[in-house]
Amino acid sequence: MNEFELIGRYFKRGAPSVLLGVGDDAAIVRPTPGLDLHLSADMLVEGRHFFADVSPRALGHKTLAVNLSDMAAMGARARWALLSIALPRADEAWVAEFAAGFFALADAHGVELIGGDTTGGPLTLSVTIIGETPAGQALRRDGAKPGDDIWVSGELGLGALAVRQRLGWLNVNDMELLAAATHKLEYPQPRLALGDALLPLAHAAADVSDGLMADLGHILAASGVAGEVWADALPSHPALEARRAEFLACLAAGGDDYELVFTAPPTRRAAIEAAAAGICRATRIGRVLDGRGGLLLDGAGQAVTLDKKGYDHFG
């Protein structure tokens, strides 16, 4: 099977919101009048971002999910995606399963695949995602204000736990916890509905991909403020919360969470809890202060030192 046959069989399909989609030199889309466009790209490389034996269906899901998470952090509605793949070989069964995972998530969020590229090479997956928000209303990293609460969605630390267990850095024997961690690692759920609900409520947001303290640090730096995070408040699986001190590095700096960290004024607490109800857990974990930098505090209010605040691709 050559490149164009592979594209035509597994990645070309009707796209009602697209004037011209997969199969030409470029796609043609018509943005919605009065909305701002958002564009983001993420790459997944075998051995760096995923294990070689991950199922292709899970990999198809995650390839799109990590990009949708960026749209969620802006409060954007994801509309279109471009997918570029380097494949070691044209394995039809693998591609079919990958496409099934990719399109199941795309269909769940109304995302149309409009183009991309395929080539031979070490397994590498790259998506460019395009979304929309009402003009001038997007969530950004530079809007946090002193006095804001700091919130995080969902559960932290599970993806990092799965990676560290797989690498032999941890020895966890709780099979239920490991199953939950593996599912979180392979099937992260982008918080698009929450991001949309936060548009009128939050001042700033980012997605937690490299680790909570690292990604919160981007908000604090962009906004020119400081922040404190309460280690005892970090939400996770009950089994992980029960061993919080042991797994604090996973919770606060592990990465692979794909949750949202956001700031909002205290007057919005009830509205945020109401908005998150039925979507996902939302937990208040700290506050924004005057100054610069972010601190993780223990129950006694003492600063906790972490070896790293998050994942560094070149660290």
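This is a predicted model: local features need pLDDT of at least 70, side-chain atom pairs count only at pLDDT 80 or more; totals for chains, interfaces and linings use all residues.
## Helix α3 from end to end

Let's start with the helix itself. Helix α3 covers residues 92-108, which makes 17 residues. From its first C-alpha to its last it reaches 24 Å, close to the 24 Å expected at 1.5 Å a residue.

Both ends have something to look at. At the start of α3, the backbone nitrogen of Ala93 has a side-chain oxygen of Asp91 within 3.2 Å. After the helix comes Gly110, with a positive phi near 65°.

## The buried residues

Several residues of α3 are buried, including Val95, Ala99, Gly101, Leu105 and Ala106. Phe98 counts as buried because its relative accessibility is 0%, and Phe102 because its value is 1%.

## Rings along the helix

The model has four aromatic pairs. One of them joins Trp94 and Phe98, whose rings are stacked at 5.4 Å centre to centre with 10° between the planes. These two residues are about one helical turn apart, because four residues separate them in α3. The rings of Phe98 and Phe102 have centres 6.3 Å apart and planes at 25°, so this pair is stacked as well. Phe98 and Phe102 also lie four residues apart in α3, about one turn.

Why does such spacing bring side chains to one side? An α-helix has 3.6 residues a turn, so residues three or four places apart point the same way. Together, Trp94, Phe98, Phe102 and Phe103 form one aromatic cluster.

## A charge over a ring

The charged end of Arg166 sits over the ring of Phe51, 4.4 Å from its centre.

Terms used:
Residues are numbered from 1 along each chain as its sequence is written. Side-chain values use heavy atoms; hydrogens and water are left out. The expected span of a helix is 1.5 Å times one less than its number of residues. Buried means under 20% relative accessible area, exposed over 50%, partly exposed in between (1.4 Å probe, protein chains only). A polar contact is a pair of N or O atoms within 3.5 Å; within protein, one must be able to donate a hydrogen and the other to accept it, and residues adjacent in sequence count only if both atoms are side-chain atoms. Rings of Phe, Tyr and Trp (its six-membered ring) pair if their centres lie within 6.5 Å; planes under 30 degrees apart count as stacked, over 60 as edge-to-face and the rest as tilted. A charge sits over a ring if NZ of Lys or CZ of Arg is within 6 Å of the ring centre and within 35 degrees of the ring normal.
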